[in-house]
Amino acid sequence: MQEQRLSMASARLMGQPMFQILSKIKEMERQGHDVIHFEIGDPDFDTPECVVKAVKQALDEGWTHYSPSAGDYDLRQAVCNSRFFTPKFTPELEQVVIAPGANPLIYYAVRCLAEPGEEIIIPDPSFSTYQSVLNFAGVNAVRVELREENGFQMLARDIESKITDKTRMIIINSPHNPTGAVIASDELRAIGQMCLDRGIYLYCDEIYSYLNYTDETFFSPSELDQCKERTIIATGFSKTFAMTGWRLGVGIGPAALMEKIALLIETTNSCVSSFIQRAGISAIEEGLKDVIRMRDIYKERRNYLVQRLNAIEGIHCIEPKGAFYVFPSIKELGIGGLEFSERLLEEAYVGVCPGVYFGNYGEGYIRLCYATSLDKIKTGMDRMERFVNDLRSERQEGR
């Protein structure tokens, strides 16, 4: 049998390691183990009733055929008119595309804007898809370290020091995965203006924009150019509306770029399912009360989780300002994040992600997602506290 040869690009694919942890946990659960899930950002809430009702009605009405690759007119128009994703301006229809989830928009934007060997600036740590896409496309990732002393914010001065004549795009994510950081408005404004002045595209990953626990109104750099020149918004329904399995994303940006992204959707997916898009209209028009309810519960969970983590000797955790993640430091325990996470799962049946999965500067941290019930969070923290106490005793005894 001849050797199977795969492309060099395929060898550079990383995927999303949290899904690989999930697969392992699912196998453990099939074997009868009770595992607490903190490893993946999947809301435990049911999708709002209005959305479920809308998709059932759409199926009954025959919304089961192709739609335009850029998205159904009614949903795109709802995005423009509702101010849900762009509260400070109204995008034009040709600036909006509907994608099969927000995640693919990262790939679409990179492939449409950057050539192999060019550079895109990303935060480190950051959502693992950024690095995987750049590796696959042969585009160089230039990393900006997010520092705990700055609340893990991506700062304009740090970005500016990384810009070269090869820089094509900057990716920012606020509220941020994996740290939960929210970048201050003055920093976001400075980043947006810098990109406009230098002619660099700015990719604003705003998938968690409604999960903001600060008193400050959410600011998007897109307000500076209304997504007509250099700013791109990538967002969607997964996190905000507990619709991770529906795969419904929204891209807003310069019309010429969105036209090319629509062609790439046409090439790879044809279109997003028509009945799913009808549900998206209902989410925008009727689901805000559910979003607010879920956000309030997430905040309560965050407060409890941060308190419990900081009560464990050897762990400290700053309070995140958004999303549904905490990013505590385990550096004082004298154990790497990967070993800690593997042993915590195997010995205490608690699933977390090692920080290094999100970049080199994530070493010494772990990520926990609190999109799970308060009862499960309590159980998970009890198990983690016992594990850490045993770990500290083990290391004191030199074993």
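At 33% relative accessibility, Arg247 counts as partly exposed. This residue is found in the loop between β7 (231-236) and β8 (249-252). In this predicted model, phi of Arg247 is near 60 degrees, a positive value in a residue other than glycine.

Phe152 likewise has a positive phi, of about 60 degrees, although it is not a glycine. Its place is in the loop between β4 (140-145) and α7 (156-160). With a relative accessible area of 3%, Phe152 is buried.

## Cis peptide bonds

A cis peptide bond runs from Asp124 to Pro125, with omega near 10 degrees. Pro125 lies in the loop between β3 (119-124) and α6. The bond from Asn177 to Pro178 is also cis, and its omega is near 25 degrees. Pro178 belongs to the loop between β5 (167-173) and α8 (185-198).

Helix α6 covers residues 128-137 and contains Ser128. Ser128 has a relative accessible area of 2% and is therefore buried, the limit for that class being under 20%. Apart from residues up to four places away in sequence, Ser128 touches Gly15, Gln16, Pro17, Met18, Tyr357 and Phe358.

## Helix α11 and its contact with α3

Helix α11 (residues 274-286) has 13 residues and reaches 19 Å from its first C-alpha to its last, close to the 18 Å expected at 1.5 Å a residue. Its buried residues are Ser274, Ile276, Gln277, Ala279, Gly280, Ile281, Ser282, Ala283 and Ile284. They pack against α3, α4 (73-82), β2 (96-99) and α12 (288-310).

Val55 is found in helix α3 (residues 49-60) and counts as buried at 10% relative accessibility. Leaving aside neighbours within four places in sequence, Val55 is in contact with Trp246, Phe275 and Ala279. The C-alpha atoms of Val55 and Ser282 are separated by 8.9 Å, while the two residues are 227 residues apart along the chain.

## Helix α12

The 23 residues of α12 should span 33 Å at 1.5 Å a residue, and the end C-alpha atoms are 33 Å apart, which agrees. Buried positions in this helix are Asp290, Val291, Met294, Tyr298, Arg301, Arg302, Tyr304, Leu305, Val306, Arg308 and Leu309. The buried residues of α12 pack against α11, β9, β12 and α14.

Beyond its neighbours within four places in sequence, Val291 is in contact with Tyr210, Thr240 and Phe241. Not counting residues up to four places away in sequence, Arg301 touches Asp44, Phe45, Tyr370, Ala371, Thr372, Ser373, Leu374 and Ile377.

## Packing of α12 with α14

The axes of α12 and α14 come within 11 Å and cross at roughly 10 degrees. The two helices are therefore roughly parallel to each other, as angles under 35 degrees count as such.

From α12, Glu300, Arg301, Tyr304, Leu305, Arg308 and Leu309 meet Leu374, Ile377, Lys378, Met381, Asp382, Met384 and Glu385 in α14. The residues of this contact divide into 7 nonpolar, no polar and 6 charged.

## Nonpolar cores

The largest nonpolar core has 41 residues, and those with the most contacts inside it are Tyr298, Phe324, Phe340, Leu368 and Met384. At least two residues of this core are supplied by each of α12, β9 (325-326), α13 (337-348), β12 (366-369) and α14 (374-396). A second, separate core of 33 residues includes Met18, Ala156, Ile191 and Leu345.

Leaving aside its neighbours within four places in sequence, Met384 is in contact with Leu309, Ile312, Ile315, Leu344, Val352, Ile366 and Leu368.

Key. Residues are numbered from 1 along each chain as its sequence is written. This is a predicted model: local features need pLDDT of at least 70, side-chain atom pairs count only at pLDDT 80 or more; totals for chains, interfaces and linings use all residues. Side-chain values use heavy atoms; hydrogens and water are left out. Helices (H or I, at least four residues) and strands (E, at least two) are DSSP runs, numbered from the N terminus. Buried means under 20% relative accessible area, exposed over 50%, partly exposed in between (1.4 Å probe, protein chains only). Contact means heavy atoms within 4.5 Å. The expected span of a helix is 1.5 Å times one less than its number of residues. A nonpolar core is a set of buried Ala, Val, Leu, Ile, Met, Phe, Trp, Tyr and Cys residues joined through side-chain atoms within 4.5 Å. Axes are lines fitted to C-alpha atoms, for helices over the stretch in contact, and angles run from 0 to 180 degrees between N-to-C directions. Angles under 35 degrees count as roughly parallel, over 145 as roughly antiparallel, 65 to 115 as roughly perpendicular and the rest as oblique. Ala, Val, Leu, Ile, Met, Phe, Trp, Tyr, Cys and Pro count as nonpolar, Asp, Glu, Lys and Arg as charged, and the others, Gly among them, as polar.
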